[in-house]
Amino acid sequence: MVWRASPLLALTSAGLRLVRAVLPVASLWIGKLIIDEVVRLTDLPDPPSTLLEWWSGGEGWLLVLYVLAELGLAIVSDLLGRVAGLVDSLLSERLTVSMSLRLMDHAATLDLEQFEDAGFQDRLERARRQASGRMTLLGQILGQMQDGITVLTFAAGLVIYNPWLILLLVVALVPAFLGEAHFNARSYSLDYSRTPERRELDYVRQTAASVETAKEVKIFGLNGFLRDRYRELSLGFYAANRQLARTRAAWGALFAGLGTVGYYLAYGWIILATLSGQLTIGDLTFLAGSFRRLRSLFEGLLTSFSSTAAQALYLEDLFGFFEASPTIRSVPGARPAPSPIEEGFRFENVGFRYPGVERWAVRHLDFTLHAGETLALVGENGAGKTTLVKLLARLYDPVEGRILLDGRDLRDYDLDALRARIGVIFQDFVRFNLTAGDNIAVGRIAARDDRPRIEAAARKSLADAVIARLPAGYDQMVGKRFRNGVELSGGEWQKIAIARAYMRDADVLILDEPTAALDARSEFEVFQRFKELSAGRTAVLISHRFSSVRMADRILVLDGGRVEASGTHDQLLAQGGRYAELFELQAAGYR
Ligand SMILES: Nc1ncnc2c1ncn2[C@@H]1O[C@H](COP(=O)(O)OP(=O)(O)OP(=O)(O)O)[C@@H](O)[C@H]1O
């Protein structure tokens, strides 16, 4: 993924790190040479007394060379450090962008069913946090690789003097290393098992303070309730984390103590060896310096290893998410969707129940939606109207039976081509915090720059009058989330949403109750136009208002997920069943 984000930056970063990794040992080595040279010079039997004598005597040039070399190294090291920092931050930004894009692309391929599953939402939540919150991971891994190489160079230096020294160091530090790995795994599994609670925690916090919920939180005085819930959940978190943190701190202290003892044992040996003349003073400084650096490098590696390992574990979630595959997709060699539709949709004994739910949402659906007809779906809440529409648009596949379009199973058609033929506006349509024009253009986003088309769609859905009142017209940001956004009324939003259906210019138009907030006149006009504009097209409308429903060519009465009756308004009234009963109820209410 790093490579894919930017090959050039990735290569540069690796190269820089390699060079920087060997600089510390080089500089320490030069330091040793300087000290040995100083000792040699001070031990001269008849040392020159002035700087000039030193120079002209030809004794000091080697020392000057060493010092200049160390100065040069210091400058190069500083410069490289800055360039590496720059390259890493650029690379990590590129990586975040490319991961987020991949996440969005992949999410778009998944099934609606997957999104509605709580377990999947947990995973998505974890994956999303990886994509945005793991910017530092890359820098850490690269830094560790660099430190690892530095450790090797120092270790090589030590081995040359005495191989046992390195063994001592390893024995002292390995327990700490293993300890860290163990506690990382534990903290990850704790975190993992608590994802649902954390999602709830985020949800509660969001609910307590967001523009969408502020109104009801105030009116119903929910703040105290939400605070208590938040506190209760977060206390659970705190207790579990505290327990783990305590154990981790205790073991960490023990392991660190072991490391310190190992370090001083080695230090003692170096001092003794110098006193006995086995090592020079320069060797002493080099070895002591190497040891000090090695120890702090190891400690740094341990700390960063702990967070890198934790992050790497979390990365599994991200890759796990990328592995999730949709079940609703085009079969290989799928057919293009028919246009125009010749016969229509035929539901053959279609049954569907939502995953994890015993009850059938719809069952034994047997009917035809003829090409060019306007069909109304009526039925009480939960009767299965929306589910039927979702099946038609292949947001779900039937669990039983099949749906045919022009005699072929919906599953035989190319999914994108099929959906492109269908325009659905759901009752819970999305109020995009975009401009008014873009809110309509989402119906056919490819035509986003086609202003005349957007305006025509707005006229058809009566949204033009709404937009005319906005300060910046079609370019007005709507919704309250962003600066300068103008909030619309429920009915105004609906008119804009309905314009999306016209923008789409699909063969099948479906309005799933998006008119509930329209005033009586607007709804009448909207449906009147819908009827006119859908002439020659296949249309489905769902509404609880019989004044609208009666305009349809045919009405399907759903009850408990089954088709109870079908016919024209007059036929159904004459039959005197549930339709007549519901119609009478509503009509009586108006008298
Ligand atoms: N995503 C879902 N997961 C589980 N069950 C669902 C889901 N959506 C709907 N249901 C259930 O399926 C049944 C049919 O719901 P559907 O939304 O199709 O009804 P509807 O006729 O459109 O109702 P309304 O008039 O209230 O919009 C209901 O009992 C509902 O509880």
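These legends describe several close-up views of one predicted model. Residues are numbered from 1 along each chain as its sequence is written, and side-chain values use heavy atoms, with hydrogens and water left out. Because the model is predicted, local features need pLDDT of at least 70 and side-chain atom pairs count only at pLDDT 80 or more, while totals for chains, interfaces and linings use all residues.

**View 1. Domain 1 and domain 2 of the chain.** The domain assignment gives domain 1 as 1-323 and domain 2 as 344-589; such bounds come from an automatic or database domain assignment. The C-alpha centres of domain 1 and domain 2 lie 55 Å apart. Five residues from domain 1 and eight residues from domain 2 take part in the contact, where contact means heavy atoms within 4.5 Å. Between them, domain 1 and domain 2 bury about 520 Å², of which 57% is on carbon and sulfur atoms. Buried area is the accessible area (1.4 Å probe) that two parts lose on being put together, summed over both. Leu112, Glu113 and Val211 supply 71% of the area that domain 1 buries against domain 2, more than any other three residues.

**View 2. A nonpolar patch on the surface.** The patch is formed by Trp55, Trp61, Val64, Leu65, Leu68, Leu71, Ile75 and Leu79, with about 860 Å² of accessible area together. Accessible areas come from the Shrake-Rupley method with a 1.4 Å probe, and for residues only the protein chains shown count as cover. Patches are made of residues with over 30% relative accessible area and no salt bridge; like charges are joined within 9 Å, and nonpolar side chains (Val, Leu, Ile, Met, Phe, Trp, Tyr) within 5 Å. Helix H4 (residues 61-109) gives the most to the nonpolar patch, with seven residues. Helices (H or I, at least four residues) and strands (E, at least two) are DSSP runs, numbered from the N terminus. Trp61 is found in helix H4 and counts as partly exposed because its relative accessibility is 49%. Buried means under 20% relative accessible area, exposed over 50%, and partly exposed in between (1.4 Å probe, protein chains only).

**View 3. Helix H13 and the residue Arg394.** Helix H13 (residues 385-392) is mostly covered, with seven of its eight residues buried. The buried residues in H13 include Lys385, Leu388 and Leu392. Just after H13, Arg394 has a positive phi of about 55 degrees.

View 4. Most residues other than glycine have a negative phi, and most peptide bonds are trans. The peptide bond from Ser339 to Pro340 is cis, with omega near 0 degrees. Pro340 is in the loop between helix H12 (281-323) and strand E1 (344-352). Asn349, in strand E1, is not a glycine, yet has a positive phi of about 50 degrees. With 34% relative accessibility, Asn349 counts as partly exposed. Asp406 also has a positive phi of about 50 degrees and is not a glycine. Asp406 sits in the loop between strand E4 (400-405) and strand E5 (408-409), and counts as buried because its relative accessibility is 16%.

**View 5. Pro452 in helix H16.** Pro452 lies in helix H16 (residues 451-460). Its relative accessibility is 56%, so Pro452 counts as exposed. Ala463 is 11 residues from Pro452 along the chain, and their C-alpha atoms are separated by 14 Å.

Technical notes: Salt bridge = Lys/Arg side-chain N within 4 Å of Asp/Glu carboxyl O.
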